[in-house]
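Open the model in your viewer and follow the stops below. Each one says what to select and what is there.

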Amino acid sequence: MQEYLHYLTLSYLWRGALTTVEIAGASLIGAVVLGAILAEIRIAPLLPLRAFAAGYIWLIRGTPLLLQLLFLFDVLPSVGIVMAPVPTAIIGFTINESAFFGEIIRGGILSVDRNQTLAAQALGMSPRVTRRRIVLPLALRAILPSLGNEFISLIKGTSLASVISVSELTQRSQFLSSQTFVFFPVFLASGLMYLVLTSGVALAQSLLERRMSFDRARKVPRDPDGLQRTAATARAPAVEAYDPSPGALPSTESATLIRDQPVLICDGVSKSYSGRMVLDGLDLTMHRGEVVAVLGTSGSGKSTLLRLINHLESLDGGAITVNGRHIGYTPTGAAQRSAAKLATARAEAHIGMVFQHFNLFPHLTVLENVRVAPVFVYSRDPSEATREAWALLAEVGLADHAQKMPHQLSGGQQQRVAIARAMATHPKLMLFDEPTSALDPETVGEVLAVMRRLAAGGMTMLVVTHEIRFARDVADRVIFIENGQVVEHGTPSEILETPQQPETKRFLQSLTGVAV
């Protein structure tokens, strides 16, 4: 035991352990950076780049690390690059680990739900902001355990550096045992040193995972105006306060004039997937302050229409304009060319969108979800964005839940947060994609109540829904879509009580169970 403790406290071995840490730490940094670049290239749209990255990863993962180290040790001096053994080892381990880290990072990025990216795009986030603020924080939760394991393997794998004369822990243990002819105590001591190093990595990994946990308590910016209150005391949203054009509805007379101006025009819109036509020459016009309910069977193209309006999907034919502007397109004669700055076009259009499954960002608090677009898309002053976020949460009756994470809320509460998040972009047009279909019956009413208050405040709304009562009570018009075309449109009483087309009659009967 005394002999074992002697080697365990021997500075000669600990200096070797320090060299091990230096090689592993520097290689980790290099491998993560290079691996992240490889991951981005692997999912890039350009085939030659993807092929290059795939070939690099195939070669590095398929050849032994020992061979790679010997290759560098022999080849670099032959081309005039002379380095000490430690830098050579760092380069070798960086190159080797980057192939593994690249695939780990790529897997983490691909594991992020595409709906999170769609939600970010709908808020006007650029690809860079989306990747930094949404995708990578979510991907890191999936990446971290594998990265931790790989780093631990890297620390232990540095023992191979001894073949190129690096005096790290294993080589020093071998030298010491060959001089003293004492093997087991020396290697037992070095093994414990490796265990200490890897235990430090495991502890750091555990702390990082805890820090990124969705259940961790979060601090949120304070409520500057004392708006924290419950849904029971929340008033109706004042739509004018969030409209980018102040005083949008100053009087009944001017409001009537404004309503005559088209906000949305869909002219011959077509879209197909894998040869299947989803929208086939659809026409639709909406005016300011109008609420249009869209009905239709599953697969009729309703949700696709909403995504096309905000350019979350690309048009195959026809044209869509919002307030006279093409969103993400530049007309070039009969065709349309995608705009270079698509995210900017979405942001400038001020189109709010509420999804069927909420699509709140799970790593952000309720308050952070609402303020993320004003700060990182519209470059609003953070304190002003925080103030408005508190106000919007108060409007939907959720200011007392501002510090919670989305998974801590009910479905109805999450959808109300999604509405507040969309309102924070100062929308000129609100799109609702079946906002109540994923909710329990008892929570549908609270979401519909918020939507009714928005409609009463003059918000222009296009609502894909199966809520017949909402369409009857709130909508100015109802349109029925079947096979990618508008089959019938009119007032709620015309469509819901006296439909003319057999497709509409069958659909309404399937919902109500009553023949019409």
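**Rings and charges**

Start with Arg-172: it lies over the face of Tyr-12, 4.7 Å from the ring centre. A charge sits over a ring if NZ of Lys or CZ of Arg is within 6 Å of the ring centre and within 35 degrees of the ring normal. This is a predicted model: local features need pLDDT of at least 70, side-chain atom pairs count only at pLDDT 80 or more, and totals for chains, interfaces and linings use all residues. Residues are numbered from 1 along each chain as its sequence is written, and side-chain values use heavy atoms, leaving out hydrogens and water.

Next, the aromatic pairs. Rings of Phe, Tyr and Trp (its six-membered ring) pair if their centres lie within 6.5 Å; planes under 30 degrees apart are stacked, over 60 edge-to-face, the rest tilted. The count is two aromatic pairs.

Tyr-12 lies in helix α2 (residues 11-42) and Phe-175 in helix α8 (residues 169-180), so the pair ties together parts 163 residues apart in sequence. Tyr-12 is partly exposed at 23% relative accessible area. Phe-175 is partly exposed too, at 47%.

Now select Phe-480 and Phe-507. This aromatic pair is tilted: 5.2 Å centre to centre, 50 degrees between the planes. Both residues are buried. Buried means under 20% relative accessible area, exposed over 50%, partly exposed in between (1.4 Å probe, protein chains only).

Last stop: Arg-421. Its charged end sits over the ring of Phe-361, 4.7 Å from the centre.

Notes
Helix = DSSP H or I, 4+ residues; strand = E, 2+ residues; numbered from the N terminus.
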